[in-house]
There are 2 protein chains.
Amino acid sequence: MANRSLKAELGLDMPFEDVLHETVLSIIRTATLLSQSGAGLFRQFDLTPAQFNVLLALKYKNRDLTQSALSKRLVVTRASITSVLDKLEGKGLVCRERVPKNRRIYYVALTAAGRDMVEEVEPLYRERIHGLLAGLSQKECRAIIRSLERVRAGIGDSGE
Amino acid sequence: MANRSLKAELGLDMPFEDVLHETVLSIIRTATLLSQSGAGLFRQFDLTPAQFNVLLALKYKNRDLTQSALSKRLVVTRASITSVLDKLEGKGLVCRERVPKNRRIYYVALTAAGRDMVEEVEPLYRERIHGLLAGLSQKECRAIIRSLERVRAGIGDSGE
DNA sequence: CATTTATTGCTTGATCCCTAACAGTCAGTT
DNA sequence: AACTGACTGTTAGGGATCAAGCAATAAATG
């Protein structure tokens, strides 16, 4: 199963004369597989990846977070955050706190139950991550991170 | 805008002592941005990324493709393919051909309009890809591809 | 102070994706 | 021939995402 090329994985008939295109497909496909793997774990706790990401962001915040700030951090729109928070609030894992000074905003925070949930799931999540990336050295990881940083920089410059 | 670390991009308060976790986030975030950038292009032609991916796969097929084969190639479930094909068929871009030998399956193919659409959009798509990845050398791309291959291999071994 | 501009969170409608379950069909077995 | 098992495409239900647009509020401007 290891050491398969993307071409073989996809059963592609198209020749990959276009290395840039192959790079894009490779990134997207890897991300999809990583997300799906995570989803399997979260489902055992009745969580979706988006919901877990919110919980994790709230655990590690050190300033008050509005929904807008949360959406920037998680790189989704405010509309998306609204619906995810509705779900989490319904489960009693997070709460929206009114802010007297500014009546437009809420501060979002974990409830006690939300904290417990994160404490339970996060270690398993990290364990899984480590399992998935077991084949990569720290050095290789840093190289990937650096390269992808440059990809994102290119998107910001031209695509946005 | 360039040369920003992921930490800075996300405004993260959490220290990244966990390089593996940072790698995963980096991959997923880059894929998201790439997809979004593509979506903007496709929308001009009333296409979604999923729809374009189907059209592209059909253009470069060299065997008959069933819906199931298509779903494997695009790494989504058969249910997803059904709905995307319904949309594309509604627009007259693809067609489902009954196969007498096996009444369970359809062969999916581009219509003339579908071929025209691909011919129009694909060059723009490739142009955009090249713009986005302009900062990366071929060598660097190959390094990314190779590293991500190993990530996916790890997923296949343990996570699946 | 009044007007304009910006921000915030929410709603709506669309698309995508998934899981689960289903009926139809095929293939191998008994 | 009948049964069992596997495969195919579909449907139903739920969640995430986006774009667009809204009302309330805040900030900036005149």
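In helix 3 of chain B, the buried residues are Q51(B), F52(B), N53(B), V54(B), L55(B), A57(B) and L58(B). The model is a predicted one, in which local features need pLDDT of at least 70 and side-chain atom pairs count only at pLDDT 80 or more, while totals for chains, interfaces and linings use all residues. Residues are numbered from 1 along each chain as its sequence is written, and chains are lettered from A and ligands numbered from 1 in the order in which they are written. A residue is termed buried if 20 or more other C-beta atoms lie within 10 Å of its own, exposed if 12 or fewer do, and partly exposed in between, with C-beta atoms placed from the backbone. Helices (H or I, at least four residues) and strands (E, at least two) are DSSP runs, numbered from the N terminus. The buried residues of helix 3 of chain B pack against helix 2, helix 4, helix 5, strand 1 (94-98), strand 2 (106-110) and helix 6 of chain B. Contact here means that the C-beta atoms of two residues, placed from the backbone, lie within 7 Å.

Chain A contains 7 helices and 2 strands. Along the sequence, the elements of chain A follow the pattern α-α-α-α-α-β-β-α-α. Chain A has 160 residues, of which 29% count as buried. When contacts in chain A between residues at least 6 apart in sequence are considered, 40% join residues at least 24 apart.

The largest nonpolar core has 31 residues, and I27(A), L34(A) and I27(B) have the most contacts inside it. Helix 2, helix 6 (112-132) and helix 7 (138-159) of chain A, together with helix 2, helix 6 (112-132) and helix 7 (138-159) of chain B, each supply at least two residues of this core. A nonpolar core is a set of buried Ala, Val, Leu, Ile, Met, Phe, Trp, Tyr and Cys residues joined through C-beta atoms within 7 Å. In soluble globular proteins, nonpolar side chains tend to be buried together. Leaving out residues up to four places away in sequence, L34(A) touches L132(A), V24(B), I27(B), I28(B) and I155(B).

V108(A) lies in strand 2 (residues 106-110) of chain A. This residue counts as buried because V108(A) has 23 C-beta neighbours inside 10 Å. With residues up to four places away in sequence not counted, V108(A) touches L58(A), L65(A), Q67(A), L70(A), L85(A), V94(A) and R96(A). V108(A) and L34(A) are 74 residues apart along the chain, and their C-alpha atoms are separated by 27 Å.

Helices of the two chains also cross. The axes of helix 6 of chain A and helix 2 of chain B come within 9 Å and cross at roughly 80 degrees. These axes are lines fitted to C-alpha atoms, for helices over the stretch in contact, and angles run from 0 to 180 degrees between N-to-C directions. Helix 6 of chain A and helix 2 of chain B are therefore roughly perpendicular to each other (angles under 35 degrees count as roughly parallel, over 145 as roughly antiparallel, 65 to 115 as roughly perpendicular and the rest as oblique). R126(A), I129(A) and H130(A) of helix 6 of chain A make the contact with L20(B), H21(B) and V24(B) of helix 2 of chain B. By class, this contact has 3 nonpolar, 2 polar and 1 charged residues. Ala, Val, Leu, Ile, Met, Phe, Trp, Tyr, Cys and Pro count as nonpolar, Asp, Glu, Lys and Arg as charged, and the others, Gly among them, as polar. The axes of helix 2 of chain A and helix 6 of chain B likewise come within 9 Å and cross at roughly 80 degrees.

DNA strand C is surrounded by 22 residues, the closest being T66(A), S68(A), A79(A), T48(B) and A79(B). A residue is near a strand if its C-beta atom, placed from the backbone, lies within 6 Å of it. Helix 5 of chain B gives the most to the surface near DNA strand C, with 5 residues. The residues of this surface divide into 7 nonpolar, 10 polar and 5 charged. Around DNA strand D there are 22 residues, of which V76(A), A79(A), S68(B), A79(B) and T82(B) come nearest. Helix 5 of chain A gives the most to the surface near DNA strand D, with 5 residues.
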